[in-house]
Structure formats: structure tokens, C-alpha cells
Amino acid sequence: MKVDVLLGLQWGDEGKGKIVDVLTPKYDVITRFQGGPNAGHTLEFNNIKQVLHTIPSGIFRENKINIIGNGVVIDPIVFKKEIEGLRKIGVELSKNLYISKKAHLILPTHRLLDAASEEQKGITKIGSTLKGIGPTYKDKIGREGLRVGDLTENFNSKYQERIDNHKSLLTDYFRYDYKSILADCEKEWFEGVEVLKSFQFIDSEHFLNDLLNENRSVLAEGAQGTMLDIDFGSYPFVTSSNTICAGACTGLGLAPQKIGRVYGIFKAYCTRVGMGPFPTELHDETGKKLRDAGNEYGSTTGRPRRCGWLDLVALKYSVMLNGVTELIMMKADVLDSFDSIKVCVGYEIKGEVVEHFPFELSDDVKPVYVELSGWKTDLSNIKNQNEFPKELSKYISFIEDEMGIPVTIASVGPNREQTIHLD
Ligand code: GDP
Ligand code: IMO
Ligand code: MG
């Protein structure tokens with residue numbers, strides 16, 4: 001068997017959590033391969049609304065194996081809260097959740113370093129989620145990180161060495177006053193570690209490859225989105241991991257030929273949270289209308305998301321980087337009340353129109369739009385494709401033609417049920 005990968009094609013928050021939950025019945029195993037608590041994946045079903053940060057979105061379906069892969073970074077504090085929240089609503093976890101020994105730990109000081117770095121950058125800040133993601137991956141690449149598998153008897157001395165090093169950085173380099181908060185954070189952190197230790201730590205690369213050899217089906221769940229990828233996103237306004245399909249290979253220990261289908265998720269428009277370029281961003285009433293209709297506020301930080309029209313130049317780039325085999329279009333219902341809908345099909349840069357994604361998205365990049373008719377129909381109760389207004393079918397066909405791959409699912413609301421599988 002091969003591993004299917006589901007990932008975001010835009011700037012994150014495309015609706016990955018919802019669709020992983022929808023697809024989970026088809027799979028035996030769901031696994032996260034990168035990112036950490038910067039992710040906020042929302043699931044809605046049976047009057048439950050749950051936001052997951054570290055735990056794979058397959059956790060609500062019975063008898064599925066959920067794995068947190070080696071490419072993920074884990075904050076025990078967030079993990080503990082997540083576990084407690086799930087247990088409160090009766091989700092069975094102890095038998096269904098496994099954690100890679102090679103996943104790196106977000107230490108309490110990583111979060112402080114994230115805050116200190118953003119503060120120091122001032123107006124040039126990244127607008128990070130302040131979850132300690134950048135500093136943790138920095139330590140991983142710098143060969144100074146601590147991993148889940150290090151949580152053994154002699155963990156404390158390794159931990160203290162790292163914390164002392166971070167304290168010097170905070171004081172001497174950032175001039176950041178951490179003293180009043182660190183003690184409380186550390187207490188909470190070690191309580192989180194105890195919860196973490198109650199789960200099975202595994203060599204997930206062996207575990208997964210063995211499952212594949214036994215013909216078990218696996219879905220890998222991406223976090224963030226392709227435009228936030230450390231190599232190909234709008235650097236430096238990106239996250240610190242490879243969010244693209246290749247990240248599933250390194251983040252799980254899979255050979256490239258083990259990748260099967262690649263589901264690429266995009267919103268019928270675009271959003272971005274945090275700083276950085278966004279060519280189709282709308283600063284006007286239309287942008288506000290998208291935000292209101294789409295309830296575009298961050299699932300992790302609550303920050304208002306920046307909104308704009310669908311950008312096919314960026315989408316095509318994402319499809320190429322990931323080898324997307326099928327597209328999933330989210331939040332079509334958010335466009336229900338628009339008379340017309342614009343789609344960016346090119347960038348005008350210094351008087352020349354280009355269709356390929358440039359090195360940098362500077363202020364010189366002006367989107368070139370085509371305008372399509374809106375459907376002016378409430379999609380939220382639609383049950384199948386036959387009920388689609390013709391303008392929606394045209395919108396989807398236009399995207400398929402531009403991308404050269406099919407849209408196989410259209411989502412018309414946040415609930416599990418509001419999902420239309422297309423022929
Ligand atoms: P993720 O990070 O990719 O999992 O996405 P988020 O959960 O951060 O953001 C997606 C938001 O849109 C969540 O609040 C979802 O409940 C919601 N959502 C998902 N699909 C749809 C949809 O088709 N229509 C509407 N209106 N909301 C949706
Ligand atoms: P999901 O998985 C949207 C953004 C932050 C910031 C940049 C770097 O829910 O789609 P970081 O904390 O990673 O160092 O922040 O990346 N960002 C996200 N934006 N969805 C996410 O995750 C994000 N994770 C990080 O806003 O601009
Ligand atoms: Mg999200």
C-alpha cells in the first residue's frame with residue numbers, strides 16, 4: 001500500500017481538519033508529519049466543535065490508529081490540554097494514539113524565545129503564532145533539540161543544559177525578562193510530560209512501513225499550507241517546516257515511491273494570518289464581507305484572517321510542488337451572496353503579465369483577474385452535485401481547466417455532512 005497525503009495549498013486554514021475527518025473512514029491510520037501547535041484544525045459533527053493542534057484529525061473515528069510523526073514538534077502543555085479536552089467529551093485515546101520517539105519537544109523557553117524574537121523584530125515581525133515553533137526547529141536543525149525519546153531517567157540534566165543556554169540567549173541577546181513567567185511554565189510543562197508519557201512512544205518509521213507492508217491504508221495530514229513552506233513559501237514570512245508533500249517523506253520516514261494520492265485543499269477564495277505578501281488581498285468592504293461570511297478568525301490565535309480572491313498563480317505553483325492528484329475546494333458557501341467572483345489568473349509585474357510564481361511577491365505584483373458570475377444560492381443544505389447552481393459548476397470547471405486536475409470534493413459548510421463528493 002501507499003500513503004495518501006492531504007495538505008493545504010494556500011496559507012493554511014484551508015479546512016484540512018474537516019476533510020481528514022471526512023476521509024478517515026476510508027483509512028486505517030492517520031498521521032501528522034510536520035508542524036505543531038501552530039496548527040489549529042477544526043472539526044464539526046453531532047453538535048461538537050473541536051479544534052486539534054497536535055493530535056491527528058482521525059481521532060474521533062473508532063478503531064483508527066493515529067500517529068504523531070517524527071517531523072512534528074510537541075509542546076507537552078498544549079498536548080495535555082488537548083488530551084483533557086478530548087477525554088471530557090469521551091474520546092478514546094490510550095489505545096489509538098502513538099507518538100514518534102523522534103518528534104522534537106517544544107521547551108518552555110522556546111515559546112519565550114519566539115516571543116522575544118518577534119518583539120525584537122518589531123514591525124518586521126513574522127506574526128508567528130508564538131507557540132515556539134521557529135526556535136524549536138532551529139534547535140533541531142542546529143542539532144541541539146530534545147526529543148520525545150529523550151524522556152528517560154537522565155532527561156533532567158539534558159533539559160537543564162538546554163534551558164540554561166536559552167536563558168542566556170533571552171537575557172544577553174534579547175534582553176527579555178522571562179523570570180516572572182518561566183517557573184510557572186516549567187511546572188505546567190512537566191505536568192504535560194507526565195501526560196505525554198502515558199502514551200506509547202514508538203519508532204514510527206518502522207511502525208508505519210510495517211503497516212504498509214501489511215496492506216494497511218494510511219492518510220498523512222499536513223499542517224499549515226504550501227505558501228508557508230520554509231523553502232517555497234513567501235520567505236521569511238513562512239513557518240519553519242516543509243509543509244509540502246516531500247515533508248511527509250522526511251516527517252514520517254517514508255521513501256518517495258511510497259506516496260500515493262495527493263489531496264490538495266484550497267478555499268474558494270484566499271486567506272492569510274500573520275504578516276507577509278498576499279497579492280489578492282482585499283482591504284475593502286469585499287474583504288470584510290469574506291471575513292464575516294467565512295468567520296475568518298484564527299483557530300489557534302483568534303486573530304482576524306486577511307481575506308482576498310482566489311489566486312490561481314499561487315495555486316498552480318502549489319499543485320506543481322506537491323504533485324497534487326486531486327483538488328478539494330472548501331468554503332464554497334462563503335461566496336453564496338456575491339454577484340460576481342474574481343479569480344486571479346496572472347500577475348502583472350512592471351508592465352509584464354506572468355503566470356508563473358516569481359521569486360518574491362513584492363508590492364510590484366498586481367493580480368490580473370477574470371470575473372465569473374456568482375450563484376446567489378444558499379449552498380449550505382445542498383446534498384449532491386445535481387443540485388449545484390450552474391454558476392458554481394462553471395466556477396469549479398474553470399479551476400479544473402486552469403489546474404489540469406479534477407476537483408473531487410466541494411465543501412459547503414463546516415459540518416462533516418456538508419461535503420459533496422463530485423463525479
Ligand atoms: P485547517 O487548519 O486547515 O484545518 O482549517 P481551520 O480549522 O483552521 O479553518 C477552517 C475553518 O473553516 C474552520 O472554522 C472550519 O470549521 C470552517 N470550515 C471548513 N469547511 C468549511 C466550509 O465548507 N464552509 C464554511 N463556511 N466553513 C468551513
Ligand atoms: P493550520 O495547520 C495558518 C502562520 C503564522 C505566521 C507564520 C509563522 O491551522 O493551517 P509559526 O508560529 O509557524 O512560526 O508562524 O505561519 N501559521 C499559520 N497560518 N494556519 C496555520 O496552521 C498556521 N501555522 C502557522 O500565522 O504567519
Ligand atoms: Mg487552522
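G40 counts as buried, with a relative accessibility of 9%, where buried means under 20% relative accessible area, exposed over 50% and partly exposed in between (1.4 Å probe, protein chains only). D13, by contrast, is partly exposed at 23%. This is a predicted model, in which local features need pLDDT of at least 70 and side-chain atom pairs count only at pLDDT 80 or more, while totals for chains, interfaces and linings use all residues. Residues are numbered from 1 along each chain as its sequence is written, ligands are numbered from 1 in the order in which they are written, and side-chain values use heavy atoms, with hydrogens and water left out.

D13 belongs to the loop between β1 (3-8) and α1 (16-23), and G40 to the loop between β2 (29-32) and β3 (41-45), so the pair ties together parts that are 27 residues apart in sequence. Here helices (H or I, at least four residues) and strands (E, at least two) are DSSP runs, numbered from the N terminus.

Ligand 2 also involves these residues. A backbone N or O atom of G40 lies 2.9 Å from an oxygen atom of ligand 2. A polar side-chain atom of T239 is 2.6 Å from an oxygen atom of this ligand, and a polar backbone atom of V273 is 3.1 Å from one.

Key:
Polar contact = N/O pair within 3.5 Å; in protein donor to acceptor, adjacent residues only side chain to side chain.
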